[in-house]
Amino acid sequence: MTSVLKVINPGLYCCVQDLGRFGQNHLGLTTGGCHDQYAFKVANALVGNPINSPALELTLGGFRAEVLAPITIALTGPNVGFTINNKSQVLWQSIQVARGDVIEIATPHIGLRHTLAISGGIKAQSHFTSVSTVMREGLGCKIEANTLIKQQAPRFTKQKRLPANLIPDYCQNTLLNMVLALQHHEFSAADLNRFLSSSYTVTGQSDRMGYRLQGATLESPAGARFSEGINLGAIQVPADGQPIVLLNDRQTIGGYPKLGSVTAVDCANLLQKRAGDEVAFNAISIEKAQNLNHLAQVKLQRALDALKQS
Amino acid sequence: MSNPSYRIFDASEHAVLIYFSNTISSEQTQKLAAFSHALKASLGELIVDVTISYTSALVTYQSLSIDHFSIKQKIKSILSQLNDIAFSVKQIELPAYYHSEVGADLNAMAKAKNLTVTDIIKYHSEQIYSVFAIGFAPGFAFLGEVNPILATPRLATPRKKVAKGSIAIADRQTAVYPAASPGGWNLIGNCPISLFDAENTPPLPFNIGDSVKFIPIERNEFIRLGGYID
């Protein structure tokens, strides 16, 4: 297949993602996968791809690439300066680009991660059913300067644009829904209250593996325990009493006590936070968390339907 | 018969954690492996992933397709039939070159325990280990339990780089580093066989619940099998 993009500047961390590497925990392999299913699936739908097609994930913008062959692209995520040949462009819509065009994405003022989809999907080596990049495991593909991006197959699509009411508001997601679960009964009631009534600051030691937070110190329940499987969103409290939320690239097992889990939907919101941002936690029931997940699915389906008709 | 010792907890809105007991044993690890197998076979696409580790199984499920009450009911039903499920495990043998040139902590460990290197090799290689968990890194298997005579705490300061194939001890567990990585376990030897290979089917020679035995080999054999001395 021909190369369609030449990356000039990949930004802080640019990698290939799909929906994730599922069913491989028994080998010690984590899930990985796109930081935000809504943004990822909509980006693919905008360029006419199946929703699990490999796309680029950008971190803190700063991305620049030259187009080598005509394709359609779509950028989704928080608002950011986005130009083609220095001409300003809009996110959440498909854009035809031609050979020689230069795509530029600036540093966002709010938010951290973007999805850049190309028509036909990115050609990438699949391992264990997924192309998802997890650097720690040596799987996938990190994009460096001069990396040539290949297309899986040519695909032509009509111009599409997501209705404005279906574009997420990235300014309003500092309150993260979570469920009290796992070893929460081993924490004191006072500490659980402190956790739920405090705001926490995202530290610089935060990435796709986990977000280390700083704020009210909690007493981590003592005692040796066997390592156990770690789910997406698990909030672990090591001996220093500062919570860590485990995310897409988390280690598969671990032994720190956990007081509950951020919902999968809000893990995507947390992954948009950067060092210095503040978050707080809202405890909800499992039933409500499952309802919210269904509502998120309904919203996604509305977006996919709208793009199918346009 | 249902076993009253199973404890089932919600871990999140899409995951359930099941504790089989508070202690580890090879029989229980085999039971956990049988459970994982039965769950995947019986519930198919409702199950996203099953992570077994020591005493527990984390079940990640499709929460768009089944709610947490129903998945727990189905899990309980499978647990109640678990004693009737036949599950076979295999024993695999791994060649092990025990020497200070590939095991930087071997001599110090012998000295600290007032043992000879030959004693350490004997104690480490005569045991049949169970694969209790796989994690930390792809293919990194936590094997147990090590003879208490050899139990040694992790290094105070982890090494920046441990060579691929390194055989190591931490407390009453042993492992083979499947790839070069940082690590804080005590190094006693090296296994020349590549354990984790993404291009191979299967990528790992063992599963959780299987048994592993180390077979001591000489330097010549180590080199012949592809072993590498830094």
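Before I start, one definition: I'll say two residues are in contact if their C-beta atoms, placed from the backbone, lie within 7 Å. And please keep in mind that this is a predicted model.

Let's begin with helix 1 of chain B, residues 26-43. Which of its residues are buried? They are Thr29(B), Lys31(B), Leu32(B), Ala33(B), Phe35(B), Ser36(B) and Leu39(B). As a reminder, an α-helix has 3.6 residues a turn, so residues three or four places apart point the same way. In chain B, the buried residues of helix 1 pack against strand 3 (47-53), strand 4 (56-61), helix 2 (68-80) and strand 6 (129-134). Just after the helix comes Gly44(B), with a positive phi of about 50°.

Now to the cores. The largest nonpolar core has 99 residues, and the members touching the most others are Val245(A), Val59(B) and Ala175(B). Take Val59(B): setting aside neighbours within four places in sequence, its contacts are Ala15(B), Val16(B), Ile18(B), Leu39(B), Ile47(B), Val50(B) and Ile75(B).

How do the chains meet? Here 31 residues of chain A are in contact with 37 residues of chain B. On the chain A side, strand 15 (228-229) and helix 4 (286-309) each supply at least two residues, and helix 4 gives the most, with 6. By class, that side of chain A has 12 nonpolar, 17 polar and 2 charged residues.

Finally, some backbone details. Most residues other than glycine have a negative phi, and most peptide bonds are trans.

Two are cis peptide bonds. One runs from Gly144(B) to Glu145(B), with omega near -5°, and Glu145(B) sits in the loop between strand 7 (141-144) and strand 8 (159-162) of chain B. Another joins Thr201(B) to Pro202(B), again with omega near -5°; Pro202(B) is in the loop between strands 12 (186-190) and 13 (211-216) of chain B.

Then the positive phi values. Asn85(A) has phi near 50° and counts as partly exposed because it has 13 C-beta neighbours inside 10 Å. Phe136(B), with phi of about 70°, is buried, with 20 other C-beta atoms within 10 Å. Thanks, everyone!

Technical notes. Residues numbered from 1 in each chain as written. Chains lettered and ligands numbered in written order. Predicted model: local features only at pLDDT ≥ 70, side-chain atom pairs only at ≥ 80, totals over all residues. Helix = DSSP H or I, 4+ residues; strand = E, 2+ residues; numbered from the N terminus. Nonpolar A, V, L, I, M, F, W, Y, C, P; charged D, E, K, R; others polar. Buried ≥ 20, exposed ≤ 12 C-beta atoms within 10 Å, placed from the backbone. Core = buried A, V, L, I, M, F, W, Y, C linked by C-beta atoms within 7 Å.
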